[in-house]
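Reader: I would like to learn how to read a few features of a protein model. Please take them one at a time.

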Amino acid sequence: MPRLRPPFPAQEGLWGKPTLINNVETVASLPWIIRHGPDAFAAWGTATSKGTKVFSLAGKVNRGGLIEVPMGITIREIVEDIGGGIAGGRTFKAVLAGGPSGGCIPASLADTRVDYEELAQTGAIMGSGGLVVLDDRDCAVEIARYFLHFTQEESCGKCTFCRVGTKRMLEILDRICAGKGKEGDLQTLDDLSLGITQGSLCGLGQTAPNPVLTTLRYFREEYEAHIREGRCPAGVCKALIHYRVLDTCTGCTLCAQACPAGAIDARPYRIHEVADDLCTRCGMCVTACPEQAIEVR
């Protein structure tokens, strides 16, 4: 269970004794440092963030995987050079840095260097070393909701702000994604985030609002579109999207065959239609259509 600090574990930890806590990545670096010396390790990185860092590169990139990079490399270099750019020729939108408690850094800040100081300035953290790349088909609101759902479930419940605050934030995000957001929700999210950050004892609670705060900071217009226009700009939130067959439909019936809900009648050589009341927004028809004749809006 988290506790108020000080004392820190290095002063008084397990069984009341001084305790060192290091992760596997830190321990794995020790043999190399011992063999080559601390100066060789410090030659990598920046003036204040030395050495290298291991990241799990995932999301909408052509080449994902476990990577080790020198501190100070830019987000753009990781995404474009190491990751091979955005998959499917889509547009780079953002990267979620630091895992579920990390921050969403927009493509406009892709030249941000990966070190502790510059990441903190964007509202993100180094965290667990996760880098999830997003493209233009990802919804900032849904991304924030998804990661907050994870941290809310992981809360141990000791701190009231974390236990109750994250639950209230998740309820608001659920409503916004369902098209039931209302004026004042964004200010409430800001207020709850501040309380949770300041009122939590451990790192989970202190960083849990990061995905929400950063998406509000950089993609506020998407939140406003959900609330004020009843529209998901990325076409992700199921309650806010509809499928429409375009005039370029050739009537091949592949969409009807792929639809698991029976929302499309198979009419060979005729323009098909999607029954909105039956459609579950699963996207199977979009994937199956060889003419890209199904619009999501």
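Reader: Which residues is His-226 in contact with, leaving aside its neighbours within four places in sequence?

Author: Contact means heavy atoms within 4.5 Å. By that criterion, and leaving aside neighbours within four places in sequence, His-226 touches Cys-139, Val-141, Ile-176, Cys-177, Arg-231, Cys-232, Pro-233, Cys-237 and Leu-240. This is a predicted model, in which local features need pLDDT of at least 70 and side-chain atom pairs count only at pLDDT 80 or more, while totals for chains, interfaces and linings use all residues. Residues are numbered from 1 along each chain as its sequence is written, and side-chain values use heavy atoms, with hydrogens and water left out.

Reader: Does His-226 count as buried or exposed?

Author: Buried means under 20% relative accessible area, exposed over 50%, and partly exposed in between (1.4 Å probe, protein chains only). His-226 has 0% relative accessibility, so it counts as buried. His-226 lies in helix H10 (residues 220-229); helices (H or I, at least four residues) and strands (E, at least two) are DSSP runs, numbered from the N terminus.

Reader: In what order do the strands of the open sheet stand?

Author: Strands of a sheet pair through backbone hydrogen bonds, either parallel or antiparallel. Two strands pair here if DSSP finds at least two bridges between them. The five strands of the open sheet stand in the order E2-E1-E5-E3-E4, with mixed pairing. E2 (65-70) and E4 (103-106) are at the edges with a single partner strand each, so one side of each has no neighbour in the sheet. Within the sheet, E3 (residues 92-97) and E5 (residues 130-135) run antiparallel and are joined by five bridges; Leu-96 stands opposite Val-132 in E5.

Reader: Which residues of helix H3 are buried?

Author: An α-helix has 3.6 residues a turn, so residues three or four places apart point the same way. In H3 (residues 75-82), the buried residues are Ile-75, Ile-78 and Val-79. Seen down the axis of H3, they fall within an arc of 90° (taken from the directions from the helix axis to the C-beta atoms), so they line one face of the helix. Their cover includes strands E1 (52-59), E2, E3, E4 and E5.

Reader: Which residues of H7 meet H9?

Author: Leu-186, Leu-189, Asp-190 and Ser-193 in H7 meet Val-212, Leu-213 and Leu-216 in H9.
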